[in-house]
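Visitor: I'm new to this one. Could you show me how to read packed helices and a sheet?
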Amino acid sequence: TALAGALGVCVSLTSISLLGNKFDDEAALMLLKIKEEKPMLLTLCGLKPEQTEANFYGLDMGPAEAKLLAPELAVHPSLRSVSLAANQLCGLDNLGRGTYDATGIKALADALSVTASLTSLKVGDNRLGDEGKAALRKAVEGKEGFELLM
């Protein structure tokens, strides 16, 4: 994509917020690869190093964008609370239209299972389905005091 090409040649960029752009899996994987190759590029999601809360409410984020966010949630040192409410994390809108895809929510669940700082996640108003909900519950199992709002 043109965006991936532009990011690939930009040497001084340290932060960009790409969430809410309805990327497909191929674009998300390409962007993650570019981020991996560019150590100066710290975030594709606009997160700041000292940030303790992030509100991604209602950005119409789909499964691919959840995959962009997941690796950052896994390693962010100070992030305590994240709202991903009112999105399409499993590919379905609020009326159930779309194609169910749990890969993004499973990537978020994997991040939750390893993050040391996150203590609250809001994912209400997403059509997560039983599979998505189970993945999130399992990820925070044993994390005393973790607030998971579905």
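Visitor: Which residues in H3 meet which residues in H4?

Guide: In this predicted model, Pro63, Ala66, Lys67, Leu69, Ala70, Leu73 and Ala74 in H3 meet Thr103, Gly104, Ala107, Leu108, Ala111 and Val114 in H4. Contact means heavy atoms within 4.5 Å, and helices (H or I, at least four residues) and strands (E, at least two) are DSSP runs, numbered from the N terminus. Local features need pLDDT of at least 70, and side-chain atom pairs count only at pLDDT 80 or more, while totals for chains, interfaces and linings use all residues. Residues are numbered from 1 along each chain as its sequence is written, and side-chain values use heavy atoms, leaving out hydrogens and water.

Visitor: At what angle do the axes of H3 and H4 cross?

Guide: Two packed helices are described by the angle between their axes and the distance between the axes. Here H3 (residues 63-75) and H4 (residues 103-114) cross at roughly 10 degrees, and their axes come within 7 Å. Axes are lines fitted to C-alpha atoms, for helices over the stretch in contact, with angles from 0 to 180 degrees between N-to-C directions. H3 and H4 are therefore roughly parallel (angles under 35 degrees).

Visitor: Is H3 mostly covered or uncovered?

Guide: Mostly covered: 10 of the 13 residues of H3 are buried, meaning under 20% relative accessible area with a 1.4 Å probe, protein chains only. Those buried residues pack against helix H2 (25-37), strand S2 (81-83) and H4.

Visitor: In what order do the strands of the sheet come?

Guide: Strands of a sheet pair through backbone hydrogen bonds, either parallel or antiparallel. Here four strands form an open sheet in the order S1-S2-S3-S4, with parallel pairing; two strands pair if DSSP finds at least two bridges between them.

Terms used. Angles under 35 degrees count as roughly parallel, over 145 as roughly antiparallel, 65 to 115 as roughly perpendicular and the rest as oblique. Buried means under 20% relative accessible area, exposed over 50%, partly exposed in between (1.4 Å probe, protein chains only).
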